[in-house]
Protein chains: 2
Amino acid sequence: MDNNTDFIEKLRSSGLRPTKQRIRICKLLFDRKKTFHFTINDLSKTLKKENIKQISLATIYNTVHSFKKKGYLKEISINREMSYFDTNTSDHHHFLDINTNQLIDLKKEDVEKVRIKKNLPGKKINSIEVLVKIENSN
Amino acid sequence: MDNNTDFIEKLRSSGLRPTKQRIRICKLLFDRKKTFHFTINDLSKTLKKENIKQISLATIYNTVHSFKKKGYLKEISINREMSYFDTNTSDHHHFLDINTNQLIDLKKEDVEKVRIKKNLPGKKINSIEVLVKIENSN
DNA sequence: TTATAATTTATAATGATTCTAAAGTAGTGT
DNA sequence: ACACTACTTTAGAATCATTATAAATTATAA
């Protein structure tokens, strides 16, 4: 019934005060079996549909950014127009359906380890991001 | 001396009128041995440094976009803040130095072919983009 | 309960990109 | 050379997502 306590703990443990707004967003983002992808706009629209007191846009931005900073969310920037947040923060890659703009997780085992044969002196690899654009094959 | 004729031909052959502005931008972008990467802002600043009549910002945007549409440039969108254009339009990947924000080409042979083991019914792969973020190693 | 620091909020500000419509230019035909 | 048309350039306005501001509210610890 009241699994808010989990979120309250989660928030408090990372130094974020468990406010109504943050808890509500936690429930929306993390209270589900599958990970999912959303834009700020998606989140904002979904929150508007609920008949609860509205959360201001500024708070939505603040919350998503602090969740990202705390490692609860990963950002996948597609281009200037599209930036997704992903509740799956593990190391993984994505399909982007260019017909629907849907972002789809690729499991680690779906992509053979990417080998980079070049390296630059004084530099090391921080991350490798693979984006596979897919389209209708009709 | 006057290798503008090449650019004039190039432009005309793709249905773009060879205007002063387009030729000047062509020279800046394509009259070099190595391919290179730039943002609209970089290009705009470089053009400002030349003591010739300034090209308006709108024209810079228009030109870069039409060059992209004609296949002379490839866009590499890093995130909302950074979008690079690449004079190397072949199929290749990139290093992004997160300390300097420099984008560096990876040759085809620098990255082992990326194998995707998942496929979705009714969908086919359009492109595979690999971005390798690198940082100072010390 | 009170003091405080953190948070939320509505609204304003920002800044990159796109739009607009008027002026300028290239290409074509005469 | 001239004129016509369509294309291009231009300055400035408009747009729109995001960030900043500063006042009101709330969580927390004393």
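Author: Let us begin with A:His92, whose side chain is joined to that of A:Asn88 by a polar contact of 3.5 Å. This is a predicted model, in which local features need pLDDT of at least 70 and side-chain atom pairs count only at pLDDT 80 or more, while totals for chains, interfaces and linings use all residues. Residues are numbered from 1 along each chain as its sequence is written, chains are lettered from A and ligands numbered from 1 in the order in which they are written, and side-chain values use heavy atoms, with hydrogens and water left out.

Reader: What makes the pair A:His92 and A:Asn88 a polar contact?

Author: A polar contact is a pair of N or O atoms within 3.5 Å, where, within protein, one must be able to donate a hydrogen and the other to accept it, and residues adjacent in sequence count only if both atoms are side-chain atoms. The side chains of A:His92 and A:Asn88 are joined at 3.5 Å, and a polar atom of the A:His92 side chain also lies 2.6 Å from the backbone oxygen of A:Ser90.

Reader: Why does A:His92 count as buried?

Author: Buried means under 20% relative accessible area, exposed over 50%, and partly exposed in between (1.4 Å probe, protein chains only); A:His92 has 7% relative accessibility, so the residue counts as buried.

Reader: Why are H3(B) and H4(B) called oblique?

Author: Their axes cross at roughly 125 degrees, and angles under 35 degrees count as roughly parallel, over 145 as roughly antiparallel, 65 to 115 as roughly perpendicular and the rest as oblique; H3(B) and H4(B) are therefore oblique to each other.

Definitions and conventions:
Axes are lines fitted to C-alpha atoms, for helices over the stretch in contact, and angles run from 0 to 180 degrees between N-to-C directions. Helices (H or I, at least four residues) and strands (E, at least two) are DSSP runs, numbered from the N terminus.
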